[in-house]
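Keep the structure open as you read.

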Amino acid sequence: MRHRAVLSIAIAVFAVAAVVAAAPPAQAQATFKIPFPFESGGKKLPAGDYLVTKTGEAQLTFQQVSTGKQTVLPFTEALKPAVPPAAAPRVVFDETGAFEPSYTEYFTIYVVAEVWLSPQEGYLVHVTKGAHKEKVVTGEPKK
């Protein structure tokens, strides 16, 4: 009987270890306070606080903190860290401009270009061809 109990405990410990080993690694996350409306992949997002997470093989999720609404954005490649790497997480926007259809009002468009969730974990979301400026919004790592 004692041998059977020890064997049951050993099997249970092995099963727990197998489940822990099979669990996906923790994903890096960061929160950002983005003070302007922006867009990416044809999707328009309002200004606000966002929790950004790498959620798939080639995608990032922007979750608006106030509403919980999630928007999945694809990225095209992982980026190599800059030397020296930036300390804080950041979202890099390409700032461009366009005229309203009436051609009477010029407005600024911010497009997500890069997302850095940590100094070593960066993703290229979009490349703007032509004249543009870069605007960087820094964030806080989410533990």
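Start at Y110. In this predicted model, Y110 has a relative accessibility of 14%. Buried means under 20%, so Y110 counts as buried. F36 is buried as well, with a relative accessible area of 7%.

Now look at the rings. The whole structure holds 7 aromatic pairs. F36 and Y110 make one that is stacked. Their centres lie 3.9 Å apart, with 25 degrees between the planes. This pair links distant parts of the chain. F36 sits in the loop between β1 (29-34) and β2 (38-40). Y110 belongs to strand β9 (residues 106-118), 74 residues apart from F36.

Next, find Y50 and F62. This pair is edge-to-face, at 6.1 Å centre to centre and 65 degrees between the planes. Y50 lies in strand β4 (residues 48-56) and F62 in strand β5 (residues 59-64), so the pair ties together parts that are 12 residues apart in sequence. Both Y50 and F62 are buried.

Step back to the cluster. Ring pairs join F36, F38, Y50, F62, F93 and Y110. Not counting residues up to four places away in sequence, F38 touches several residues, including Y50, F62, F93 and Y110. Its other contacts include K43, K44, L45, P46 and V112.

Finally, the core. In soluble globular proteins, nonpolar side chains tend to be buried together. Here the largest nonpolar core has 21 residues. Those touching the most other members are I34, F38, L60, F62, F93, V112 and V115. Two or more residues come from each of β1, β4, β5, β8 (90-99) and β9. The largest share, 4 residues, comes from β9.

Note on methods. Residues numbered from 1 in each chain as written. Predicted model: local features only at pLDDT ≥ 70, side-chain atom pairs only at ≥ 80, totals over all residues. Heavy atoms only, no water. Phe/Tyr/Trp six-rings, centres within 6.5 Å; stacked < 30°, edge-to-face > 60°. Buried < 20%, exposed > 50% of the residue type's maximum accessible area, 1.4 Å probe, protein only. Core = buried A, V, L, I, M, F, W, Y, C linked by side-chain atoms within 4.5 Å. Contact = heavy atoms within 4.5 Å.
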